[in-house]
Amino acid sequence: MPASTTPRATAAAPSRGPFPRRASTAAATAWDPHHLPDQTGRTVVVTGGSAGIGYFIAEQLAGAGAHVVLAARDADRAAAAQAAITTQHPAAVTSVLPLDLASLDSVRRAADALGDLDRVDALVLNAAVMVLRTAGAVTADGFDPVMGTGHLGNAALVAHALPVLARTPGARVVGTTSGLVRRFHPAIGDLAAASRPLPSARPLTVGRRYVLSKAVHEAFFAELDRHLRATGSSTLALLSHPGVAIGSRSPLRPGVLDPRRTDRGVEPLWGLVGAGKDAGAWSAVRAAADPHVESGQYWGPAGRVTGLPVLGAGDPRYREPALGRRVREETEELVGVRLP
């Protein structure tokens with residue numbers, strides 16, 4: 001597929017994926033984020049792949065030989081990301097999938113388009129909203145954008161896409177959480193109430209909702225892993241978190257990221273400890289590319305804030321089956337689609 005094309009169906013029948021269902025050596029396997037396992041023949045979809053950490057996830061996987069599908073809302077930014085990836089890796093194969101996680105209609109259409117691909121080896125759910133500039137902002141379906149994109153939109157995409165992923169044995173879904181969940185461990189109440197628009201756009205209010213959305217996502221992924229195992233699916237569900245990733249410590253990518261113009265608001269707080277967004281991508285890249293991962297694993301930086309990607313543990317509170325079932329059921333009710 002040419003680097004500037006959009007996904008199209010091929011006539012080939014689904015083939016066996018190059019990676020096995022499960023193994024037991026991931027934690028002990030040496031990992032060099034600058035020399036990834038060959039990804040030739042694999043197709044990876046990255047939501048939010050046109051900017052920030054998502055861009056570097058896409059760049060690193062494309063550089064290792066994967067066909068990377070940039071699932072993005074803005075066509076111009078996606079084109080700029082494709083150009084930047086090609087500059088770094090002239091042989092890279094990328095394509096664009098229109099996706100707006102703030103619209104359940106857009107999510108459904110994107111999942112339908114994924115069905116035109118002959119295989120999907122990994123779906124990396126990177127996109128989310130961290131900052132709102134307007135109080136009372138809502139998604140197309142009336143949800144708070146933080147919860148509506150960070151959890152509900154991604155969960156709807158998973159539910160729609162699971163039949164597509166099932167056609168590629170050993171495919172994986174990689175969710176994105178935050179180390180802040182383990183620090184603040186918010187209680188998960190009624191999800192419908194937590195998805196209502198915020199009355200205030202104050203940073204503390206939005207920050208609390210962001211951490212809650214990630215806690216909900218952890219509970220959902222624990223339930224997704226149980227569901228996939230119970231149904232005998234070969235699809236794997238994994239979580240990753242990036243640590244602290246700062247734009248000013250990131251490599252320059254013209255048209256995508258300029259380190260001189262990013263993250264000024266958080267630089268005084270995190271600038272001395274955070275890594276670049278390229279390093280922030282490492283955990284998700286390992287979850288998507290390591291041939292030895294197991295379903296249900298949680299990957300993050302060795303130092304929690306920065307470092308090489310290592311096997312870790314999410315907050316055990318969110319792995320409780322009763323909580324997971326409730327989060328799944330309430331999520332399915334809100335987005336109008338159930339896990340198959």
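Start by selecting valine 46 and valine 124: the bridge partner of valine 46 in E4 is valine 124. Strand E1 (residues 43–47) and strand E4 (residues 122–124) run parallel here, paired over 3 bridges. Two strands count as a pair if DSSP finds at least two bridges between them, and the labels come from DSSP runs, numbered from the N terminus, with helices (H or I) of at least four residues and strands (E) of at least two. You're looking at a predicted model, where local features need pLDDT of at least 70, side-chain atom pairs count only at pLDDT 80 or more, and totals for chains, interfaces and linings use all residues. Numbering starts from 1 along each chain as its sequence is written, and side-chain values use heavy atoms, with hydrogens and water left out.

**The sheet**

Now show the strands. There's an open sheet of 8 strands with mixed pairing, in the order E3-E2-E1-E4-E5-E6-E9-E10. Strand E3 (93–98) and strand E10 (309–312) are the edges, each pairing on one side only. On average, neighbouring strands in this sheet are turned by 25° against each other, direction ignored; the axes behind that angle are lines fitted to C-alpha atoms (for helices, over the stretch in contact), and angles run from 0 to 180 degrees between N-to-C directions.

**A covered loop residue**

Next, pick alanine 66, in the loop between H1 and strand E2 (67–72). Buried or exposed? Alanine 66 counts as buried because its relative accessibility is 0%; the cut-offs are under 20% relative accessible area for buried, over 50% for exposed and partly exposed in between (1.4 Å probe, protein chains only).

Select Pro33, His34, Glu59, Gln60 and His89, which lie nearest the centre of the second largest pocket, out of 15 lining residues. On a 1 Å grid over the protein atoms alone, a pocket is an open set of points with protein on both sides within 12 Å along at least five of seven lines, a cavity is a set where a 1.4 Å probe fits but cannot get out, and lining residues have an atom within 4 Å of a point. This pocket holds about 260 Å³ of space, where a volume is the space filled by probe spheres set on grid points joined across faces, edges and corners. Helix H1 (residues 52–63) gives the most to the lining, with 4 residues.

**The cavity**

How many cavities of 30 Å³ or more does a search of the whole structure find? The search finds 1. The largest cavity has a volume of about 40 Å³, and among the residues lining it are Pro242, Val244, Ala275 and Pro301.

**Helix H7**

Zoom to helix H7, residues 203–230. Its 28 residues should span 40 Å at 1.5 Å a residue, and its end C-alpha atoms are 40 Å apart, which agrees; the expected span is 1.5 Å times one less than the number of residues. H7 is mostly covered, with 21 of its 28 residues buried. Step just past H7 to glycine 232, which takes a positive phi of about 75°.

Histidine 185 isn't a glycine, yet has a positive phi of about 30°. Find histidine 185 in the loop between helix H5 (180–184) and helix H6 (191–194); at 33% relative accessibility, histidine 185 counts as partly exposed. Finish at arginine 304, in the loop between strand E9 (298–301) and E10. Arginine 304 has a positive phi of about 70° although it is not a glycine, and is exposed, with a relative accessible area of 59%.
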